[in-house]
Amino acid sequence: MQQTSKMAPNSYLCFFFSIIFVAFSVISLFPLAFSRDLPEITHTFLDVSASLEQARAVLNFDPETVKPLVQQKEPLLQAQVGNSSSFSVQVHPREALYKSSYEDYKSLVLARLERDSARVEALTTKLQLALEGVKKSDLKPVEKELLPEDLSTPIVSGSNMGSGEYFSRIGVGTPAKPFYMVLDTGSDINWLQCKPCADCYQQSDPIFDPTSSSSYKSLSCASPQCQAVRVQGCSAGKCLYEVSYGDGSYTTGNMVTETVSFGRSGAVNNIALGCGHDNEGLFVAAAGLLGLGGGSLSFPYQIKASSFSYCLVDRDSSKSSTLEFNSAPPADSVYATILKNEKLDTFYFIGLDGLSVGGMPLSIPASVFQTDASGNGGIIVDSGTAITRLQTQAYNALRDAFVKLTRNLKSTSGVALFDTCYDLSSHTSVQVPTVSFRFSGGKSLSLPAKNYLIPVDSSGTYCLAFAPTSSSLSIIGNVQQQGTRVSYDLANSRVAFSANKC
């Protein structure tokens with residue numbers, strides 16, 4: 001009978017430890033071969049204490065006690081600004097101009113988000129109308145009295161609703177009178193409220209009186225500027241205009257030309273703008289709007305600017321930065337190509353390859369950020385939208401990757417359009433994965449943590465500040481742009497981003 005040999009227990013142990021020793025030796029000798037597939041996750045820190053302190057302070061901020069912006073009288077010169085001259089004006093967040101009436105910070109945030117959703121709807125509607133081939137001749141301004149039922153969107157009162165808007169002090173007329181104007185890269189028409197008012201909302205400065213300006217001129221219906229107005233009409237040979245916004249705000253009046261001044265920088269003559277006699281909405285504190293879009297009626301286009309740039313301070317801050325024209329982008333800028341959309345020249349579409357979380361590129365098809373042959377889709381940079389909107393597929397990839405790398409943080413229920421929120425009330429600082437935009441050409445822009453994890457109340461609830469959209473249009477909003485010098489290099493068709501340049 002054949003016998004089988006058996007290995008002694010001690011022999012098993014010796015064999016096992018021999019295998020472990022060999023494996024450890026191989027890993028020690030060739031560590032790179034085993035670490036190559038395990039890339040390091042990149043993180044950054046969020047200062048919870050500082051952002052909460054700022055959130056609590058914004059409700060008690062009184063513009064009059066910090067800086068008398070409303071009474072501020074900057075010297076307004078009449079020296080001509082050439083199309084190659086570099087000039088600038090201050091940029092202020094909304095809360096630096098108008099004292100908040102909200103009882104708590106969460107109420108302010110919810111109002112901001114509600115208005116932001118209306119803003120996004122207005123931008124997507126504008127693109128959709130352009131894609132459907134609706135011509136400006138198909139649209140006519142509302143005559144005389146503008147009733148709520150005449151508008152395609154509901155009329156909202158001009159109460160102090162929170163907003164992500166930013167303002168600059170601009171001079172209008174001769175002699176120049178200073179006004180606070182909203183900065184908007186998603187609009188082309190420049191306008192301000194004018195006497196006589198059929199209906200005007202509250203603003204910080206006295207309403208502009210055309211009879212006090214020697215440079216005020218009406219535009220005829222046959223003028224090129226009038227023909228460029230999307231919604232225009234004619235009355236007694238004079239050009240009429242109307243602009244409606246997604247939140248129910250609107251302005252209607254006469255298209256005119258005026259001299260526009262920039263503090264000590266000088267002035268520009270014959271700028272086409274709307275003189276609004278019937279205005280309603282959420283422009284509280286501002287006298288009107290400075291259109292920074294890509295169309296022929298925008299301010300940069302009219303002065304033939306080679307570039308313009310802004311740096312947006314935190315909107316809960318009382319600080320200010322600058323809006324600059326014809327200045328070179330900072331040397332350390334990351335560039336994105338401006339892409340032309342033949343259907344709509346107002347928006348600044350850019351080339352975006354994708355997103356990264358924790359230094360890891362997300363698996364998102366390139367087509368998600370591209371404009372198709374019909375002009376649909378793509379991603380724009382917008383100063384008026386607060387929260388970045390991403391197509392649902394891209395947003396889900398971003399959110400899931402972020403959640404996977406923040407399992408150490410206590411999650412909590414969503415707030416408004418935010419579905420990914422955390423309770424950070426017991427922390428003074430937290431480590432979070434980096435979030436980056438990856439532009440065409442291989443360059444990336446890494447965001448500070450406070451630009452994508454923001455407080456939604458004053459007790460320590462923070463939410464991931466991105467949102468999904470069912471629209472094909474994606475938008476990079478101003479919360480993600482805060483603290484970054486964003487330069488629109490029009491001469492070279494590119495947008496430059498440079499961090500920490502406010």
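Start with Cys-226 and Cys-239, which form a disulfide with their sulfur atoms 2.1 Å apart; a disulfide here is a pair of cysteine sulfur atoms within 2.5 Å. The torsion about the S-S bond of this pair is about 90 degrees, so the disulfide is right-handed. Cys-226 sits in helix H6 and Cys-239 in strand E8, residues 238–244, so the pair ties together parts 13 residues apart in sequence. Helices (H or I, at least four residues) and strands (E, at least two) are DSSP runs, numbered from the N terminus.

Before going on, the conditions. This is a predicted model, where local features need pLDDT of at least 70 and side-chain atom pairs count only at pLDDT 80 or more, while totals for chains, interfaces and linings use all residues. Residues are numbered from 1 along each chain as its sequence is written, and side-chain values use heavy atoms, with hydrogens and water left out.

Back to the cysteines. Cys-226 counts as buried at 0% relative accessibility, and Cys-239 counts as buried at 1%. Buried means under 20% relative accessible area, exposed over 50%, and partly exposed in between, with a 1.4 Å probe and protein chains only.

The structure holds five disulfides, and I will show two others. Cys-221 and Cys-234 have their sulfur atoms 1.7 Å apart. Their S-S torsion is about 90 degrees, so this disulfide is right-handed. Cys-221 is in the loop between E6 and helix H6 (224–228), and Cys-234 is in strand E7, residues 232–235. Is each end buried or partly exposed? Cys-221 is buried at 16%, whereas Cys-234 is partly exposed at 44%.

Cys-194 and Cys-275 form a disulfide at 2.0 Å between sulfur atoms. With -120 degrees about the S-S bond, that link is left-handed. The two cysteines are 81 residues apart, Cys-275 being in strand E10 (residues 267–280). Both are buried.

Now the core. A nonpolar core is a set of buried Ala, Val, Leu, Ile, Met, Phe, Trp, Tyr and Cys residues joined through side-chain atoms within 4.5 Å. The largest one has 75 residues, and those with the most contacts inside it are Phe-299, Leu-323, Phe-325 and Phe-466. Helix H8, residues 392–404, gives the most to this core, with five residues. A second, separate core of 20 residues includes Ala-111 and Ile-387.

Last, Phe-299. Among the residues it touches are Phe-87, Asp-188, Val-260 and Phe-325, leaving out residues up to four places away in sequence; contact means heavy atoms within 4.5 Å.
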